[in-house]
Amino acid sequence: MKERCPLCDTLSQKFYEDTQRYCRCPECRAVFVVQEDLPKQDEEVERYELHDSDTEDRGYRKFVSPITESITKDFQAFHKGLDFGAGTSAIISAVLREKGYDIQNYDPYFHNYPELLETQYDYISSCEVIEHFYNPAKEFGHLREMLREGGKLYLMTDIYDERDFGSWYYKNDPTHVFLYTKETFSWIQEQYGFKELFIEKRLIVLTS
């Protein structure tokens with residue numbers, strides 16, 4: 001079985017199979033679910049609605065703190081921001097707005113305001129979102145276009161580090177359909193013209 005990588009369009013071979021089939025891209029080194037096994041939209045939404053939505057939960061706030069603390073270190077309250085894929089809680093915006101930050105929420109299911117995608121921002125956050133991309137080439141292209149020069153894209157996802165894929169917990173969520181390695185982010189940096197790439201554990205920062 002072979003299928004083209006939805007990020008770099010390279011023909012990729014079967015890598016693993018359990019409840020879903022995965023291919024591994026030889027070019028950008030991503031692992032992705034084959035198109036035929038992608039969840040349906042109603043299955044996606046049902047899964048997302050199970051996520052934590054309590055913005056006062058200390059554990060949840062700590063989880064997103066690599067992004068929120070990075071933004072408050074790099075930008076001031078008047079800078080314009082977007083939380084892309086904000087989810088049911090919009091936790092990142094909730095935390096930043098408490099500090100007076102100007103940040104908007106976009107999510108195709110829960111904050112569907114497409115007009116927000118027609119402007120540019122100083123920073124964009126996307127926490128536990130990019131692993132859900134069915135078409136990462138399109139999504140990263142759009143994210144890059146929405147960033148002003150010198151802007152930053154803050155991402156959080158678990159990065160595949162060549163451990164035993166079958167025992168890796170992160171692939172057990174059926175909506176995690178595109179999984180990244182450090183090499184994948186290096187490819188994204190070069191392909192989309194980002195000037196800098198920073199990776200620390202689950203936090204990835206790309207500078208335009």
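Good morning. Two strands are taken as paired if DSSP finds at least two bridges between them. With that in mind, let us turn to the structure above, which is a predicted model.

I begin with strand 5, residues 80–84, which runs parallel to strand 6 and is joined to strand 6 by five bridges. Within this pairing, lysine 80 stands opposite aspartate 102 of strand 6.

These two strands belong to an open sheet of six strands, with the order 6-5-7-8-11-10 and mixed pairing. Which strands stand at the edges? They are strand 6, residues 102–106, and strand 10, residues 196–200; each has a single partner strand, so one side of each is left without a neighbour in the sheet. On average, and ignoring direction, neighbouring strands of this sheet are turned by 15° against each other.

Two helices pack on this sheet. Helix 2, residues 58–74, touches strand 7 (121–127), strand 8 (147–156) and strand 11 (203–207). The direction of helix 2 makes about 160° with that of strand 8. Helix 5, residues 182–191, touches strand 8, strand 10 and strand 11, and its direction makes about 160° with that of strand 10.

I now come to another open sheet, one of five strands, in the order 1-2-3-4-9 with antiparallel pairing. Its edges are strand 1 (2–4) and strand 9 (178–179); each has a single partner strand, and therefore one side of each is without a neighbour in the sheet. How many bridges join strand 4 to strand 9? Two bridges do so, strand 4 comprising residues 31–33 and the two strands running antiparallel. Valine 31 has leucine 179, in strand 9, as its bridge partner.

Thank you for your attention.

Terms used
Residues are numbered from 1 along each chain as its sequence is written. This is a predicted model: local features need pLDDT of at least 70, side-chain atom pairs count only at pLDDT 80 or more; totals for chains, interfaces and linings use all residues. Side-chain values use heavy atoms; hydrogens and water are left out. Helices (H or I, at least four residues) and strands (E, at least two) are DSSP runs, numbered from the N terminus. Axes are lines fitted to C-alpha atoms, for helices over the stretch in contact, and angles run from 0 to 180 degrees between N-to-C directions. Contact means heavy atoms within 4.5 Å.
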